[in-house]
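Subject: Structure handover

Hello,

Here is the structure I said I would pass on.

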Amino acid sequence: MRRSNEFAVGLAVILALALVIGGALWLSETEINQKSAKYTARFRDIGGLSVGAPVTLRGVKVGRVEQIRLAPNEWVETDFSIDRDTHLPEKPAVIASSASLFGEWAANIVPLEPLPDDPILRGMLTEAARPAGGVWPGATLPDIGQLTAQASRIAGDIADVTQRIRGAFDTTALRELRQSVKDLAAISDRLVVFANQQTNRLDRVGQRVESSSNSIANVAQTFERASQQLDAATRDGQLKDIMDNGKASSADVRAAAADLRSVMAAARSNQASLVRVIQSADSLMQKIQSGQGTIGLLATDSTLYRETTLTMRQFRELLTDIQAHPRKYLKVSVF
Amino acid sequence: MEAGRALGDVRTWGPLLFFQMRRLGVDSVPIAVFIAVFTGIVLALLSSYIFTGAVPLYFVGALVGKTVMMELGPVLTGMALAGRVGANIAAELGTMKVTEQVDALETLAYDKYSYLVVPRVLAATLMFPVVTAFAMAVGVTAGWITAINLLDLSTPEFLKGLRMFYQFKDIWFGLVKSASFGAAVALMGCLRGLGSEGGAQGVGAATTRAVVLGCEAILVLDAFWALVLL
């Protein structure tokens with residue numbers, strides 16, 4: 001009976017111990033054969049991070065928080081157990097952040113480089129990254145409570161501003177504001193009428209401006225073409241030739257002018273004799289026209305012309321006959 | 001005081017200890033497990049009813065684990081054992097008292113504390129944590145099975161919640177409490193049993209009183225440990 005009691009009690013105690021120890025190890029995910037490696041990170045403040053909180057890498061749980069302790073120089077050091085098979089970043093850092101709205105926190109492993117954009121986070125990581133003997137730098141994001149408190153402060157500020165606006169806009173201010181709005185509406189109506197009146201004028205001015213602009217554009221195109229031609233002429237040396245030719249022509253013109261000047265001087269010096277010659281020629285021509293003298297008779301009497309014409313005809317006939325019958329008129333004999 | 005002095009009389013209470021451990025502890029395991037099964041089921045269903053909507057359902061695991069390990073496991077087990085063990089001790093010792101068997105022991109130079117009280121109190125103190133450990137394991141397992149089968153919850157989700165807020169303190173806190181419950185229940189049973197007077201009616205009254213005092217002691221100690229250890 002006694003042996004039976006001892007066996008039953010011993011069995012119950014052993015089973016209970018096994019349950020307690022096994023359950024505790026299983027629930028805390030403790031590994032007997034050390035499949036995980038230990039790392040340490042330091043923070044200025046760990047927020048709501050607690051022992052047992054998950055450690056994640058790119059959102060995947062790779063370990064858990066093992067221990068949290070205060071360290072010198074106002075640091076908080078946190079030990080993590082992380083699966084040995086995990087490929088960690090070359091320079092890891094840890095960011096503790098709220099994992100849900102229900103107070104859960106997680107430690108997220110991130111690469112230290114590049115540093116995050118958030119200046120506060122960047123500052124915390126930079127400070128914690130100073131040489132600390134293999135300890136990872138850590139930073140903490142504000143939790144929901146802090147964000148809610150900040151939002152509450154902002155809401156309070158907005159309420160203050162609203163209250164002040166409400167105080168500033170009393171009944172008198174509202175009446176004046178309504179009157180101002182009415183005045184503004186009247187001014188707006190007048191502006192509409194004025195704008196309608198000015199619209200036609202503005203249209204005409206616009207059309208003219210447009211036509212002027214087109215003309216200027218055409219002139220500009222013409223000028224551009226002329227410039228291109230001038231540029232082409234300049235480029236081919238034609239302008240130089242033209243200039244040379246012009247220069248030579250100018251020299252010729254100058255020489256001709258000089259000759260003309262000398263001719264004119266000679267003519268001026270022989271002007272009296274020339275006048276006399278012209279007068280003599282004039283009187284001669286008058287005599288001829290009047291039929292005086294031989295030339296006058298020749299010029300006014302057609303008999304000579306007819307006889308001359310007859311003589312020429314007979315002469316041509318003679319020449320034709322000579323060509324046709326040369327032996328009739330020429331006889332060549334050597335001996 | 002006298003019971004404390006009797007602790008040194010190991011030769012008297014030593015041979016009786018395993019018998020009392022089996023009677024008060026091992027034989028109480030079935031009732032503790034039975035209570036734990038339904039506690040786990042009810043906790044899982046209640047927590048899913050409470051958490052519907054805003055709170056994620058995997059918190060069922062956290063609530064079942066924390067509640068069973070820290071509170072309901074030790075307290076409900078203690079209450080059940082207060083009825084079973086406390087009543088048993090009070091009735092047994094009360095009967096011995098009113099039938100003058102205790103006087104006979106003293107006549108035979110047996111110290112009543114060493115022979116009757118110490119083995120019972122020690123056995124209850126040592127075995128209540130053992131029974132509670134079984135109750136914890138069964139309660140959590142029952143809640144787990146309920147969550148998987150009756151709730152829209154998977155095993156990884158339940159374990160995520162169970163492990164989320166787990167600390168080793170959760171277990172030893174419950175075990176320490178249950179040890180104190182065992183000592184209190186056994187002491188109340190012994191005190192009321194040895195203090196019973198009259199006949200069967202006196203024994204019945206002592207038994208009832210022992211159970212009531214045992215339950216009250218459990219609740220007071222529960223609050224005490226919560227204040228001291230949490």
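Predicted model: local features only at pLDDT ≥ 70, side-chain atom pairs only at ≥ 80, totals over all residues.

For the complex, the predictor reports an ipTM of 0.85 and a pTM of 0.58.

Confidence by chain is as follows. The average pLDDT of chain A is 83, and 94% of its residues score at least 70. Within chain A, helix α7 (residues 293-300) has the lowest confidence, with a mean of 74. Strand β2 (residues 54-57) of chain A has the highest, at 90. For chain B the average pLDDT is 89, with 98% of the residues scoring at least 70.

Chain A contains 9 helices and 7 strands. It has 335 residues, of which 12% count as buried. Among the contacts in chain A with a separation of 6 or more, 54% are between residues 24 or more positions apart.

Now the contact between the two chains. Chain A gives 19 residues to it, and chain B gives 19 residues. On the side of chain B that touches chain A, the elements giving two or more residues are α2 (10-24), α6 (112-150), α7 (155-164) and α8 (168-194) of chain B. Sorted by class, that side of chain B has 15 nonpolar residues, along with 2 polar and 2 charged ones.

One caution on names: the α7 with the lowest confidence in chain A is residues 293-300 of chain A, whereas the α7 listed for the contact is residues 155-164 of chain B.

Regards

Note on methods: Residues numbered from 1 in each chain as written. Chains lettered and ligands numbered in written order. Contact = placed C-beta atoms within 7 Å. Helix = DSSP H or I, 4+ residues; strand = E, 2+ residues; numbered from the N terminus. Nonpolar A, V, L, I, M, F, W, Y, C, P; charged D, E, K, R; others polar. pLDDT = per-residue confidence, 0-100. Buried ≥ 20, exposed ≤ 12 C-beta atoms within 10 Å, placed from the backbone.
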